[in-house]
Amino acid sequence: MKLLLKIWRQKNAKTKGSFVSYQMDNVSPEMAFLEMLDSLNKRLVEEDKDPVAFDHDCREGICGSCGMYINGHPHGPVPAITTCHLSMRFFKDGETVWIEPWRAKPFPVIKDLIVDRQAFDKIQIAGGFISVNTGSAADANSILVPKKNSDEAFNSAICIGCGACVAACKNASAMLFVSAKISQFALLPQGRIEAIERVRAMVAKMDEVGFGNCSNTGSCEAECPKQIKLTNIARLNREYFKAY
Amino acid sequence: MGKLNSKIPDGPLAQKWTKYKASAKLVNPANKKKLEIIVIGTGLSGAGASSALGELGYSVKTFCYQDSPRRAHSVAAQGGINAAKNYQSDGDSVYRLFYDMIKGGDFRAREGNVYRAAEVSNEVIDHYTALGVPFARDYGGTLDTRSFGGVQVSRTFYSSGQTGQQCLLGAYSSLNRQIKKGNVTMFPRREMLDLVLIDGKARGIIARNLLTGEIERHAAHAVVLATGGYGTIYYLSTLAVNSNASAAWKAHKKGAFFANPSFVQIHPTCVPQLNEFQSKLTLMSESLRNDGRVWVPKTKGDTRPANDIPEEERDYYLERRYPAFGNLVPRDVASRAAKERCDAGFGIGETGLAVNLDFRDAIKKQGKKSIENKYGNLFEMYKTITGIDSYEEPMRIYPAGHYTMGGLWVDYELMTTIPGLYSIGESNFSDHGANRLGASSLMQASGDGYFILPNTINNYLADEIRVPKISTDRPEFEATEKEVRESLQKLMSIKGKQNAASFHKRLGKIMWDNCGMVRNEEGLKKALVLINELKDEFWKDLNIPGAYSELNMELEKAGRVADYFELTELLVTDALNRKESCGAHFREEYQTPDGEALRNDEEFTYVAAWEYTGEGKPHILHKEELKFEDVEMKIRSYK
């Protein structure tokens with residue numbers, strides 16, 4: 001099929017970017033979206049032009065590297081998948097496809113579709129851990145955890161840190177991302193011990209690096225490729241109130 | 001010969017590690033702060049080592065090529081992590097885990113190392129649980145386990161089909177704690193381009209900042225490579241597309257021997273290739289073989305939908321050939337059996353390169369809910385990629401390149417043949433012999449990183465406490481940086497036509513066709529010729545737009561592919577040298593009448609450690625004889 005791509009090209013954070021058009025004539029519906037971009041880049045290299053820069057790695061939806069706005073949606077129009085899992089069979093012949101980077105102040109554009117997501121790491125460094133040194137743990141079965149809690153902790157822990165929640169949010173809020181980690185640990189006895197310090201530190205860092213607040217629109221949940229639930233944010237708020 | 005000293009401690013197998021720890025030299029806490037350690041890679045082994053070394057008080061500098069350490073490819077491991085806990089009381093023990101690994105590796109791994117990996121496995125599970133890794137649990141609150149290929153006990157701990165992700169995020173969290181404390185400095189988006197030696201010791205690296213293109217010098221008292229495997233030599237593999245062997249290869253060229261490069265695991269259960277543009281093959285966890293039955297039609301070229309083929313017309317070939325282990329035979333056996341059926345014309349789908357993995361009977365017996373609980377995310381992922389609902393019809397699967405048992409040669413202390421250079425996790429060769437059993441890569445990587453290296457590196461650093469902080473102004477750094485700049489310039493100045501990925505794809509095809517699941521002398525010799533022809537073309541017709549002093553992803557790829565041209569040559573050489581079949585290395589010339597691998601213990605009970613001798617010169621082979629004192633070498637049978 002034939003597609004017209006409108007891709008955001010930006011040399012670096014300091015220069016202004018703009019959309020550039022690329023006509024694609026031989027797109028197979030069996031291609032993955034990133035493979036379609038690979039084929040564009042192959043062509044650009046053969047023409048000695050600068051290929052489109054984008055982050056990607058595992059290409060199986062788990063590393064969280066890839067992420068771009070496609071036709072107005074983070075990770076594209078299909079819900080609950082990452083960009084690398086998006087197949088070209090979801091596009092129509094003759095369609096114009098708009099491709100942009102995440103747009104949020106704490107995620108400055110590095111080049112083209114690549115943004116700097118280190119703000120996420122900074123929040124995790126502030127408190128997203130349990131303080132236990134290697135070798136000091138007791139036998140794994142010495143603390144029992146109800147299956148229900150453990151399963152729920154897992155459902156929060158599957159966040160891949162891609163940033164789609166922030167990109168989707170009109171406030172550029174990172175509440176879904178932060179609340180997923182807070183919830184995972186809040187639900188486990190191992191995590192309860194530092195619960196107060198953790199929620200204080202992570203929320204303070206989240207504000208410091210420039211993410212906005214949550215106004216309960218729910219676009220983060222709608223666009224999250226791992227379907228992390230909004231109820232995590234409620235739990236984060238509860239943990240936060242308890243901490244003061 | 002004689003150059004290799006594995007430094008296995010004397011004494012009974014079960015006491016070697018305890019004895020080693022009791023006698024190894026230590027570094028006092030005040031001195032640890034002054035000692036710097038570089039760790040390359042942030043998967044389970046790299047993040048684990050960085051955390052544990054930071055906790056001990058060393059000054060650690062950790063590097064990864066991704067934008068965040070949380071994205072290292074350990075994240076993609078699915079099925080689980082083994083430990084000899086014997087929580088199920090089904091006869092498991094450290095010894096049995098050790099024995100399963102030795103046998104699974106087809107008696108080509110070192111007893112002492114393997115036993116130790118089994119020994120620390122229990123501590124690994126305790127540690128991850130304490131870090132808040134949500135492993136699956138039973139209703140009473142205890143940890144649940146499941147079975148994996150090649151064993152008859154249930155010792156695999158798991159978090160749905162995302163165990164690697166959960167363990168890695170646990171390791172990432174412990175790394176973050178050390179970053180916060182200032183014990184670890186993190187350098188993301190850096191690629192190690194060379195190793196710096198001073199007086200024969202590893203003293204630092206030259207790295208490229210992938211965002212700015214800047215070439216950086218970093219010094220340390222010791223360097224640890226935790227850089228993973230080289231499964232992407234096949235281009236299409238289950239690995240992340242940016243996974244590469246460059247750091248290990250550069251270290252090899254500086255003097256670290258490369259061991260058993262031809263031992264590459266082809267994973268039996270992957271989504272088959274769907275089109276020619278494909279950049280990646282997705283793994284479907286081996287745990288699926290707990291409940292899924294593998295079959296092909298009994299009639300050649302049967303094109304009926306799977307559900308229309310009656311029971312008596314299905315060939316459950318694994319259950320037929322291997323009644324004792326059935327669908328849970330080890331990976332190498334399962335992969336070859338699938339290839340055998342497809343080559344014989346019984347494969348399914350348009351390409352005929354696929355077999356069925358069928359959950360019909362398990363769903364009938366246990367209910368859909370139970371299957372969904374165990375593998376929900378895998379079924380979803382399969383549906384996303386193929387559009388097929390596996391609750392209703394079988395998955396189609398085919399083998400794909402996955403894990404490399406081979407890697408840098410290391411001794412018992414995980415040190416390479418370069419003093420002060422360590423290699424941990426998949427990047428070393430030590431624990432899996434000629435074939436790795438499922439769920440033991442997370443186990444080994446975590447064990448190496450958290451529990452083994454932090455206990456062995458002191459023994460080296462204890463003698464380094466008088467060495468002051470190493471300056472990057474030293475001539476050795478100057479010289480290595482110059483070499484790196486020249487090699488980057490060389491790649492940039494080819495100015496041909498084709499991009500790096502096109503070469504990689506063609507190289508991968510050569511390797512897959514001639515040095516994949518099945519190898520023979522003729523094919524291997526042909527591969528050497530083809531690799532060299534393609535390599536010449538690469539150095540004439542590669543094109544990289546832009547400059548090396550800026551973000552340039554084409555340059556990153558090109559550098560990795562350039563190294564693969566050299567590594568593949570060594571890999572094929574090693575496969576030619578090993579005139580036997582063992583584990584994943586299957587030479588057609590050496591097989592039993594019923595098509596099983598035929599070892600030659602007389603001549604090949606050794607680790608092949610290859611020494612680099614210079615550009616265009618042949619490698620020198622060093623043999624480390626393997627001694628089996630605690631197990632009897634047997635024909636590996638899963639029948």
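The questions and answers below go through a predicted model with chains A and B.

User: How many helices and strands does chain A have?
Analyst: The C-alpha trace of chain A spans about 60 × 35 × 35 Å along its principal axes. Of its 244 residues, 54% count as buried. The count of elements in chain A is 9 helices and 7 strands.

User: Among contacts in chain A between residues at least 6 apart in sequence, what percentage join residues at least 24 apart?
Analyst: The contacts considered here are those in chain A between residues at least 6 apart in sequence. Those that join residues at least 24 apart make up 69%.

User: Are α5(A) and α7(A) roughly parallel or roughly antiparallel?
Analyst: Helix α5 of chain A covers residues 175-186 and helix α7 of chain A covers residues 195-208; their axes are 11 Å apart. The angle at which they pack is about 175°. Angles over 145 degrees count as roughly antiparallel. Therefore the relation of α5(A) to α7(A) is roughly antiparallel.

User: How many nonpolar residues are in the contact of α5(A) with α7(A)?
Analyst: From α5(A), the contact is made by A:Val178, A:Ile182, A:Phe185 and A:Ala186. From α7(A) come A:Ala195, A:Arg198, A:Val199, A:Met202, A:Val203 and A:Met206. By class there are no polar residues and 1 charged residue, and the nonpolar ones number 9.

User: Which helix of chain B do the buried residues of α3(A) pack against?
Analyst: Helix α3 of chain A, residues 147-157, has several buried residues, including A:Glu152, A:Phe154 and A:Asn155. Within chain A, the buried residues of this helix pack against α5 and α9 (231-242). In chain B, they pack against α6.

User: Which element gives the most residues to the side of chain B that touches chain A?
Analyst: The contact takes 61 residues from chain A and 68 residues from chain B. Elements giving two or more residues to the chain B side include α3 (44-56), α5 (111-130), α6 (163-181) and α16 (553-577) of chain B. With 9 residues, the element that gives the most is α6(B).

User: How many charged residues does the side of chain B that touches chain A have?
Analyst: Sorted by class, this side of chain B has 29 polar and 26 nonpolar residues. The charged residues number 13.

User: Which residues have the most contacts inside the largest nonpolar core?
Analyst: The largest nonpolar core has 273 residues. Leaving aside neighbours within four places in sequence, B:Val224 is in contact with residues including B:Ile37, B:Val39, B:Tyr422 and B:Leu453. The residues with the most contacts inside the core are A:Val166 and B:Val224.

User: Which residue in β5(B) is the bridge partner of B:Thr62?
Analyst: Strand β2 of chain B, residues 59-63, runs parallel to β5(B), and 4 bridges join them. In β5(B), the bridge partner of B:Thr62 is B:Met186.

User: Which helix packs on the sheet and touches β10, β18 and β19 of chain B?
Analyst: The sheet is open and antiparallel, with 4 strands in the order β16-β10-β18-β19 (chain B). β18(B) and β19(B) pair over 6 bridges, and B:Ala608 stands opposite B:Lys623 in β19(B). The helix in question has a direction that makes about 145° with that of β18(B).

User: How many of the 10 residues of β15(B) are buried?
Analyst: Strand β11 of chain B, residues 264-270, is joined to β15(B) by 5 bridges and runs antiparallel to β15(B). Strand β14 of chain B, residues 355-358, is also antiparallel to β15(B), with 3 bridges. Strand β15 of chain B, residues 395-404, is mostly covered, and its buried residues number 10 of 10.

Methods: Residues are numbered from 1 along each chain as its sequence is written. Chains are lettered from A and ligands numbered from 1 in the order in which they are written. This is a predicted model: local features need pLDDT of at least 70, side-chain atom pairs count only at pLDDT 80 or more; totals for chains, interfaces and linings use all residues. Two residues are in contact if their C-beta atoms, placed from the backbone, lie within 7 Å. Ala, Val, Leu, Ile, Met, Phe, Trp, Tyr, Cys and Pro count as nonpolar, Asp, Glu, Lys and Arg as charged, and the others, Gly among them, as polar. Axes are lines fitted to C-alpha atoms, for helices over the stretch in contact, and angles run from 0 to 180 degrees between N-to-C directions. Angles under 35 degrees count as roughly parallel, over 145 as roughly antiparallel, 65 to 115 as roughly perpendicular and the rest as oblique. A nonpolar core is a set of buried Ala, Val, Leu, Ile, Met, Phe, Trp, Tyr and Cys residues joined through C-beta atoms within 7 Å. A residue is buried if 20 or more other C-beta atoms lie within 10 Å of its own, exposed if 12 or fewer, and partly exposed in between; C-beta atoms are placed from the backbone. Two strands pair if DSSP finds at least two bridges between them.
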